[in-house]
Amino acid sequence: MEKIRVELGERSYDITIGNKILSRLEREAGRTLLVTDSTVKKLYAREIASALGTEHVFSFPAGESSKRPETSLDICRTAARLNFDRKCRFAAAGGGVTGDLTGFAAAIYMRGIEFIQIPTTLLAAVDSSVGGKTGADIPEGKNLIGAFHQPSAVVIDTAFLATLPPAELKNGLAEIVKTAVILDGQLFEQLERDPESLFQKPDFEKTYPQIIRRCCELKGMIVSEDECEKGRRAILNYGHTFGHAVELLSDYTLPHGQAVAAGMAAAGELAVMLGVWSKECVRRQKALLNMLELPVKIPGKYNTCDLVAAMRRDKKNLNGRTRVVLCSDIGCAQLPVEADEKDLTEAWERIR
Ligand SMILES: NC(=O)c1ccc[n+]([C@@H]2O[C@H](COP(=O)([O-])OP(=O)(O)OC[C@H]3O[C@@H](n4cnc5c(N)ncnc54)[C@H](O)[C@@H]3O)[C@@H](O)[C@H]2O)c1
Ligand SMILES: [Zn+2]
């Protein structure tokens, strides 16, 4: 069992990582409402509730379609009916949907109470459970409602990952590759050396705890530097401006990790075109994504003009200009740059 500290002054917290660690954690005083989705409830609610010492469980139907502000309000209303006061806390056990909704509920219930994250998807373990971005979708767009609200603890038990369907594992792997490409050349080399232990024969006892630890350490570092994404935190969007465009055109039927993988492939091509990244770096990124069975071509028959138009609508853009994160080496991302529509089209064409 290992601990990483996310330094944020009075909002600092620990991330605890290990295999089969949940039952070994110390129980906290105070009442807890466990929030989970229908799938995770069936698999793990009893075990998690018992580890937390609570019998209060709120669950909602699994899937992104539940990620609405109304679900967060339902969490708050359940807490109110249970007479939860400011000293009570919420615990989010599940993927990013559960974490984002529960965090948002914790941000607004009585103007803010504590919550802890118990991620059960790989994506949530390496990405969404750390950093305090919480929220929900509205019909006008994904994640348009939300608040920054840091968890008071993150507990990652890799034993939960064993029941993840391969497609969900891949969503997390895409984010791991992203983290390595933007921040850690050595982690990238490790992934290159042994992709089997991540996907074909996943090792949840040793490889995963170590890699998740490194990803959390890196994300924690970036969040400590720039909690509210005024600057450097934006590099975590590598591959995402391109990726979100394909997700949007697929009406969100394409899994996020696949969109981000194709997005990284397109960002790599653009970086080579602009002379900031070498062809060798693009080749290595592509080879690793291939080994993890993630796409390196546009996944679907989309027109490049439509993809560029969809990129223009990304909520991370400023003043209507499309901004993308590019890398100057493996393990080294640059701050977002404005990109020309002609160049964006060409980058997409190169991965058609
Ligand atoms: N807050 C952030 O910083 C941040 C970062 C990235 C993504 N996100 C958000 O996270 C969401 C995506 O997260 P996700 O991919 O974890 O989706 P998710 O929460 O919908 O989980 C994916 C699926 O896996 C199932 N599942 C969860 N744990 C399981 C387990 N151990 N075994 C079997 N099945 C399990 C869930 O029931 C669900 O059907 C998106 O809404 C995205 O916007 C947030
Ligand atoms: Zn992502």
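At 46% relative accessibility, arginine 352 counts as partly exposed (buried means under 20% relative accessible area, exposed over 50%, partly exposed in between, with a 1.4 Å probe and protein chains only). The side chain of arginine 352 meets that of glutamate 349 in a salt bridge, 3.4 Å from N to O. A salt bridge is a side-chain nitrogen of Lys or Arg within 4 Å of a carboxyl oxygen of Asp or Glu. Glutamate 349 is partly exposed too, at 38% relative accessibility.

This is a predicted model, in which local features need pLDDT of at least 70, side-chain atom pairs count only at pLDDT 80 or more, and totals for chains, interfaces and linings use all residues. Residues are numbered from 1 along each chain as its sequence is written, chains are lettered from A and ligands numbered from 1 in the order in which they are written, and side-chain values use heavy atoms, with hydrogens and water left out.

The salt-bridge rule gives a count of 23. One of them joins lysine 142 and glutamate 64, at 3.7 Å from N to O. This pair links distant parts of the chain, 78 residues apart: lysine 142 is in strand E8, and glutamate 64 is in the loop between E4 and H2. Helices (H or I, at least four residues) and strands (E, at least two) are DSSP runs, numbered from the N terminus. Lysine 142 is partly exposed, at 29% relative accessibility. Glutamate 64 is also partly exposed, with a relative accessible area of 34%.

Lysine 316 and glutamate 229 form another salt bridge, at 3.7 Å from N to O. Lysine 316 lies in the loop between helix H11 (304–312) and strand E10 (323–324), and glutamate 229 in the loop between helix H7 (207–225) and helix H8 (240–249), so the pair ties together parts 87 residues apart in sequence. The relative accessible area of lysine 316 is 27%, which makes the residue partly exposed. Salt bridges also link Glu2, Asp184, Arg213, Arg214 and Glu217 in a network.

The protein chain is assigned domain 1 (2–163) and domain 2 (166–350). These bounds come from an automatic or database domain assignment. The C-alpha centres of the two domains lie 26 Å apart. In domain 1, 27 residues are in contact with 28 residues of domain 2 (contact means heavy atoms within 4.5 Å). The two domains bury about 2500 Å² between them, 67% of it on carbon and sulfur atoms. Buried area is the accessible area (1.4 Å probe) that two parts lose on being put together, summed over both. Leu122, Leu123 and Val126 supply 23% of the area that domain 1 buries against domain 2, more than any other three residues.

Five salt bridges cross the interface of domain 1 and domain 2. On the domain 1 side, strand E1 (2–6), strand E2 (13–18), helix H4 (122–128) and E8 each supply at least two of the residues that touch domain 2. H4 gives the most, with six residues.

Helix H2 (residues 69–81) has 13 residues and should span 18 Å at 1.5 Å a residue, and its end C-alpha atoms are 18 Å apart, which agrees. The expected span is 1.5 Å times one less than the number of residues. The buried residues of H2 are Pro69, Thr71, Ser72, Ile75, Cys76, Thr78 and Ala79. Their cover includes strand E3 (32–37), strand E5 (89–94) and helix H3 (96–108). Asparagine 83 follows H2, with a positive phi near 60°.
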